[in-house]
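Please look through the sequence and the structure shown here. The paragraphs after them lead from one part of the chain to the next.

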Amino acid sequence: MSSNHLSGSTSAYLAAAAHQPVHWYPWGQEAFAEARKRDCPVLLDIGAVWCHWCHVMDRESYESEALAQFLNENFVCIKVDRDERPDVDARYQRAVQAMSGQGGWPLTVLLTADGQAFFGGTYFPPGNMHGRPGFRTVLDSVLDAWRSRRDQVHAQAATLTRLVSEHLDESAAGPVSASRLAEGAASMLRLFDPEFGGFGRQPKFPHPAALRFLLTRWHDTRDAQLRDVVERTLDAMALGGIHDHLGGGFHRYSVDARWIVPHFEKMSYDNSELLRTYTEAYLALGDERYADVARGIVAWVRGTLAQEGGGYGASQDADVGLDDDGDFFTWSRAEAEAVLSDTEFEVAAAYWDIGTAGEMHHDPSRNVLFVAESADSIARRLEVTESEVRELIASARTKLLAARQTRTAPAVDPTRYTAWNAMLASAMLLAGIALDDAAAREHALATLRRMRAEARSPDAVSHSPAQAEGWLEDAVQTADAVLTAFEFTGDADWLAWGEALAERAWREHEDSTDGALFDIAADPRATGLLAARGKPSQDAPTPSANGVAGIVAFRLAHLTGKAIWNERGRRLVEAFGAGLAEASIHGATLLLAADWILSPATHMVIVGTAEDGVAVAMEREAWRAWRPRRVIRRLRSADRLAGAPAELTAMLAHAEGGAAGYLCVGTSCRQPARTVKEWETTLRE
């Protein structure tokens with residue numbers, strides 16, 4: 001079996017292509033030097049291990065000996081894992097979007113020998129079909145242009161380079177005002193789907209940061225419409241096929257407006273944000289259904305992504321082979337009948353819509369499980385109690401899951417990407433506290449300890465353990481997670497590490513002109529479009545690194561008492577201020593950062609020794625009393641508290657002995673609570 005320059009790659013996606021007859025190079029100077037030497041164009045393929053159509057194009061085109069020979073003779077070929085190199089993906093996605101109006105994976109881009117894009121698209125079939133030109137036809141046209149119209153190729157490349165550079169800068173300076181936050185929320189409401197929940201029509205993506213922003217706005221304004229949008233969307237997703245009703249967790253998105261038929265891959269970053277959102281909704285609204293959804297995500301993470309000693313894998317594939325489409329997750333009527341008793345099947349078929357006609361186009365017998373009829377409705381129709389129906393649903397779920405576990409499961413990418421691990425550790429820690437799940441809490445802290453042990457320096461993190469570099473997203477997501485670890489544990493080492501990471505992020509990434517942060521550090525050796533540095537404002541697909549950085553800065557201001565962090569956070573958010581009103585669902589994290597400027601933080605401080613049961617109970621209640629812009633501190637004695645409002649530090653200076661709970665919203669402070677009951681009353685009010 002032949003091998004290429006990808007053999008030995010730590011990327012699961014690249015390693016899977018090491019046997020292909022295409023002479024693939026990884027992204028790097030060696031490939032571009034070869035292209036200059038041969039005076040030929042570069043073919044760049046960007047994909048991911050979880051991407052179904054990436055595997056389809058691999059099989060159809062890149063595993064073809066004839067096409068591989070043609071490619072090897074006429075191009076230098078580079079293959080990139082978009083999860084491993086988000087910096088490369090972000091830039092060449094922009095180039096293809098500028099050319100065709102759409103992006104996605106697999107991304108196919110033709111480059112000059114200095115890395116400038118001049119043509120591209122997404123999936124190309126091997127021959128003319130699906131309304132798309134065949135891949136060989138496209139390549140022949142590219143070669144003709146390269147050989148006979150080279151001046152046009154370079155002119156197109158220059159235009160695309162300029163457009164990409166312009167579009168990567170998403171900043172738009174302006175003051176931050178309450179009206180802009182209100183307009184940001186209003187723009188989300190205009191996109192709300194009142195029929196099926198969520199935003200837009202189809203395909204449907206979860207947009208958890210937007211839901212968290214609307215939940216924050218509801219808390220501050222008590223606008224019933226905001227709560228309604230959050231609840232209807234969370235309910236619709238939880239009931240839909242995008243939610244794995246047997247194994248827990250969520251698939252990446254739904255292809256339809258009703259949340260029924262998903263793309264079946266499961267991403268750690270989607271599930272971390274949804275875990276945080278359902279947990280916060282449970283704490284804010286008290287709906288036990290949201291706690292159940294959160295428990296399901298935790299169970300899937302623990303059983304599928306969690307690694308011994310800390311750390312989480314990156315994703316789970318949608319499919320086992322190229323000829324199925326989510327077959328591991330879907331059911332034919334006969335498969336379900338073979339597993340369940342007659343009574344269980346009658347209820348399960350009604351509850352999850354398991355019929356002879358399913359939802360999958362490649363195999364109409366296969367059913368996506370989604371809640372089609374409520375337990376209450378089934379009980380009335382069958383003339384039994386609702387509790388009996390729920391018992392039958394629970395037993396059916398147990399049996400179906402056990403049967404599913406005998407199938408060959410889609411592969412899991414075990415790569416521990418730093419930003420994604422930080423996001424999931426933070427969400428698992430919060431969920432572990434809220435749901436009283438000690439195992440989730442401890443694994444989250446073990447993950448952060450492992451990340452700190454593997455950090456390449458005391459103030460920097462890499463993108464993954466196998467990589468030498470990291471980007472803004474890795475630094476600020478890690479900082480945000482370890483600040484939560486500091487609040488929970490009281491261990492000052494976490495605070496010191498979080499601040500060190502943030503200090504370096506500002507030092508290496510800040511634009512001194514307007515205060516926004518670039519996504520990558522300056523590199524005079526950068527090739528192609530990597531010479532352009534971006535200022536990301538959108539949550540696409542992970543939270544905006546600038547939005548997270550703003551939140552980190554404001555949290556540090558409250559936790560350290562250093563004015564510089566408040567100044568940095570304000571300056572950063574104001575660099576995007578003019579666009580906040582239109583930020584909508586894609587700019588929700590920046591809106592959450594702006595909210596720290598315009599609304600008061602809530603300080604919850606519990607004083608008491610580690611052995612004091614009253615203080616321990618008060619701390620538990622503080623974590624379970626959700627508030628936006630919340631800062632939690634546990635003091636072993638009534639010492640001065642850095643970063644706290646002056647009113648609170650004055651109260652602490654005159655504190656009596658024994659356990660006590662202090663709550664301040666901005667500069668308004670309650671009288672200290674001395675008992676758990678008093679503290680619960682204070683938190684409720």
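The buried residues of helix H4 pack against helix H2 (29-38), strand E2 (42-47), helix H3 (52-62), strand E3 (76-81) and helix H6 (135-148). H4 itself covers residues 65-74, and its buried residues are Leu 67, Ala 68, Phe 70, Leu 71, Asn 72 and Asn 74. In general, an α-helix has 3.6 residues a turn, so residues three or four places apart point the same way. The model is a predicted one.

Between H2 and E2, two of the partners of H4, there is a loop that holds Asp 39. Asp 39 has a positive phi of about 55°, although it is not a glycine. Most residues other than glycine have a negative phi, and most peptide bonds are trans. Asp 39 counts as partly exposed because its relative accessibility is 45%.

Further along, two peptide bonds are cis. One joins Trp 105 and Pro 106, with omega about 0°. Pro 106 lies in the loop that runs between helix H5 (86-100) and strand E4 (107-111). Another cis peptide bond joins Gln 202 and Pro 203, and here omega is about -5°. The loop that holds Pro 203 lies between helix H8 (178-191) and H9.

His 207 also has its place in the loop between H8 and H9. Like Asp 39, His 207 is not a glycine, yet it has a positive phi, here about 50°. Is His 207 buried or exposed? At 16% relative accessibility, which is under the cut-off of 20% for a buried residue, His 207 counts as buried.

Two packed helices are described by the angle between their axes and the distance between the axes. Helix H9 (residues 208-221) and helix H11 (residues 268-285) pack at an angle of about 20°, and their axes are 9 Å apart. Angles under 35 degrees count as roughly parallel, and H9 and H11 are therefore roughly parallel to each other. The crossing in which H9 passes H11 is left-handed. On the side of H9, the contact is made by Pro 208, Leu 211, Arg 212, Leu 215 and Trp 218. H11 contributes Glu 273, Leu 274, Arg 276, Thr 277, Glu 280, Ala 281, Ala 284 and Leu 285. The residues of this contact divide into eight nonpolar, one polar and four charged.

Which residues does Ala 372 touch, leaving aside its neighbours within four places in sequence? Ala 372 is in contact with Ala 350, Tyr 351 and Asp 353. Ala 372 and Asp 353 are 19 residues apart in sequence, and their C-alpha atoms are 5.7 Å apart in space. Ala 372 counts as partly exposed, because its relative accessibility is 44%.

Last comes the chain as a whole. There are 26 helices and 14 strands in it. Of its 685 residues, 59% count as buried. Its C-alpha atoms fill a box of roughly 85 × 70 × 45 Å along the principal axes. With 685 residues, a compact globule would have a radius of gyration near 26 Å, and the 26 Å of this chain agrees with that. Among contacts with a separation of 6 or more, 68% are between residues 24 or more positions apart.

Note on methods. Residues numbered from 1 in each chain as written. Predicted model: local features only at pLDDT ≥ 70, side-chain atom pairs only at ≥ 80, totals over all residues. Heavy atoms only, no water. Buried < 20%, exposed > 50% of the residue type's maximum accessible area, 1.4 Å probe, protein only. Contact = heavy atoms within 4.5 Å. Axes fitted to C-alpha atoms, helices over the stretch in contact; angles between N-to-C directions. Helix = DSSP H or I, 4+ residues; strand = E, 2+ residues; numbered from the N terminus. Parallel < 35°, antiparallel > 145°, perpendicular 65-115°, else oblique. Left-handed = near helix turned anticlockwise from the far one by under 90°. Nonpolar A, V, L, I, M, F, W, Y, C, P; charged D, E, K, R; others polar. Rg over C-alpha atoms; globule rule 2.2 N^0.38 Å.
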